[in-house]
Amino acid sequence: MASLWRYLLAGLGLAALLVGILAVVYLTAPRSSQPAVPDVSRTKNTDNGLFVASFSPERGVVRQGELESWLLTLKTKAGAPVEGAAIAISGGMPQHNHGLPTSPQATDYLGDGRYRIEGVKFTMSGWWQLHFAISATAGSDTVLFNVVL
Amino acid sequence: MRHFPRVLTLMVAVILAGCGEPDFSDTEKKTIASLALSALPSLKPDTTNRFADVPAAAALGSTLFFDQGMSRDGTVSCSTCHKIDRQFQDDLPQAVGVGHTNRRTMPLAGVARDPWFFWDGRRDSLWAQALTPLENPLEQAGNRAAYAHYIKARFGERYERIFGPLPDFAGMPLNASPLGNDAEKAAWNAMSGAQRDAINGVYANIGKAIAAFERSIEPAPTRFDRFALDLVTGAEPKGDAAFSKEEILGLKLFIGKANCVTCHDGPRFTDNSFHNTGVPPVADLPPDRGRIDAVAQVEADPFNCLGAFRDGDASACGELRFMVKDAPQLIRAYKTPSLRGAATRPPYMHAGQFSSLDEVVAHYAKAAPSVEGTSEIHPLELSDRERAALVAFLKTLAE
């Protein structure tokens, strides 16, 4: 009987050791370096509050690895469409030291404050940023959109 | 009582075996499914090459691909470096044609799906790519006038059945090219615009025929694909579709901690983009700055998508129109290669810098800075066991 208790004790000891090792492994595992989830809202006030900008894929869906057209819609605070805006686009992946894989451009004005942005391509999954510098008669402003794939 | 040690051993064994079960999270399963060959969409038509899916064009292209007559001295064909029984590559650190080049031959499986060609993307279509080695003095070393004459003499009838009448070559030089030696350049410059267009037209069609053939070269299913299919459908992996614990660990690292899947994504394991990953230059080769120097080359190529030899409309030219032209990220950036079949085709990288997958994994773990520009990769803590597991997983893409 004594040996049974010895084996049980040994078993418990081993189990406790296993739990301890697992705890150490999990607690010391490198933390994911992801920051707080970026703001992925598709409609935003521009940085100085000059415009309300919306950014959305023209066909409604985002497909990784494909050249796509997106629409940037610019309205004033009062809701009037912003016409004749000059738009410069930059961006990249903040976690990967690189910019965009393409150079998207505003290629067309579709009316009602809507600008077609062609040549958008997301080659990887992850956190992308698109930065717009907008210049119109009302003034110049910037806005940043996050896209997470 | 004597059984207790055995029972205890069994219990511990069961617990440990449980740790090795293919236990993937839903996110991991989704990623694995996105890498499987079954996720590869069907090949899109190439509207810039209206002969891309014409069988007779592919047949002529196949003939030309293997024809050593398609070179200056009759000793080199596309297949000299793109060997049919070696995944259409040559196992050499740098390709050897008429001369010794400075880049590794790329394999061709799935090549028709690439938006950019060569390690640096200096061509923007498969047919424009096929023309480039033909005139490179280190590769096939010919000139476009000579190729046009050769096509007429050797394959005139086949050519005309596909592409229509050949131009009248009367009065045209036998050797001429804007990229040739001084005599060939002089001969090219002495030609009329109509004559140059005629030669360029035949030359472009040579590329279109070869591209039509190359569209048939597609990746084949591997052990990984069988494993992925079973994982996604919930079937019990049988036979070689079952992964060892080491292979499962490698796969988990590949799509997790090791971040490989960031660039090696999708069913071809490539994002079709260009990255500086700090791969060191080769000492005796000419300076090589990768993508940054390819931008001007593809823009200047008369056979690019915006040039006169494209079929279809310019809506197919988005990659060229919206290409990044001048950014620090292009310095020493090279194309992400597909990893399918990579395990059985060392050496690795754009100039064959690494002779084994162990060296490749060690390079990515160390993440040494680039000699020029900025490497996008970050150092990674990987144990010896984890490195071996990554290599074991990569082998499942070549079995």
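Helices and strands here are DSSP runs, at least four residues long for a helix and at least two for a strand, and they are numbered from the N terminus. What you have on the screen is a predicted model.

Let me begin with chain B. Chain B has 14 helices and two strands. Its C-alpha trace spans about 105 × 45 × 40 Å along the principal axes. The chain has 399 residues, and 46% of them count as buried. If we take the contacts in chain B with a separation of 6 or more, 72% of them are between residues 24 or more positions apart.

Chain B is divided into two domains. Domain 1 is made of the pieces 21-40, 220-288 and 331-398, and domain 2 covers 55-214. The centres of domain 1 and domain 2 of chain B, taken over C-alpha atoms, are separated by 33 Å.

The core draws at least three residues from each of domain 1 and domain 2 of chain B.

Which residues does A209(B) contact, leaving aside neighbours within four places in sequence? They are F51(B), A57(B), L60(B), G61(B) and L64(B).

Next, what the records say about chain B. An unreviewed UniProt entry lists residues 234-398 of chain B as "domain: Cytochrome c". In the model, that stretch is 28% helix and 2% strand, and its end C-alpha atoms are 23 Å apart. An unreviewed UniProt entry also lists C260(B), C263(B) and H264(B) under "binding site".

Two of those are worth a look. C260(B) sits in the loop between α10 (245-255) and β1 (274-275) of chain B. C263(B) is found in the loop between α10 and β1 of chain B as well. Is C263(B) buried or exposed? C263(B) is buried, because 21 other C-beta atoms lie within 10 Å, and the cut-off for buried is 20 or more. C260(B) is buried too, with 21 other C-beta atoms within 10 Å. Setting aside residues up to four places away in sequence, C263(B) touches M124(A), D271(B), H275(B) and T336(B).

M124(A) in that list brings us to chain A. The contact between the chains takes 23 residues from chain A and 22 residues from chain B. On the chain A side, the elements giving two or more residues are α1, β5 and β7. Helix α1(A) provides the largest share of that side, five residues.

Chain A also has an open sheet. Four strands form it in the order β5-β4-β8-β9, with antiparallel pairing. β5 (98-99) and β9 (139-148) of chain A each have a single partner strand, so one side of each is left without a neighbour in the sheet. Strand β4 (residues 86-93) of chain A is joined to β5(A) by two bridges, and G92(A) stands opposite G99(A) in β5(A). Strand β8 (residues 127-136) of chain A pairs with β9(A) over ten bridges. β8(A) and β9(A) form a hairpin with two residues between them, and W128(A) stands opposite V147(A) in β9(A).

Finally, confidence. Chain A has a mean pLDDT of 86, with 83% of its residues at 70 or more. Where in chain A is confidence lowest, and where highest? The lowest is helix α1 (residues 2-28) of chain A, at a mean of 65, and the highest is strand β7 (residues 114-120) of chain A, at 98. Over residues 29-34 of chain A the pLDDT is below 50, and that stretch has zero contacts in the model beyond near neighbours in sequence. Where pLDDT is low, the predicted coordinates should not be read in detail. Keep that in mind for α1(A), which gives five residues to the side of chain A that touches chain B.

Note on methods:
Residues numbered from 1 in each chain as written. Chains lettered and ligands numbered in written order. Predicted model: local features only at pLDDT ≥ 70, side-chain atom pairs only at ≥ 80, totals over all residues. Domains from an automatic or database assignment. Contact = placed C-beta atoms within 7 Å. pLDDT = per-residue confidence, 0-100. UniProt positions renumbered as here; feature names shortened; annotations may be inferred. Buried ≥ 20, exposed ≤ 12 C-beta atoms within 10 Å, placed from the backbone. Pairing = 2+ DSSP bridges.
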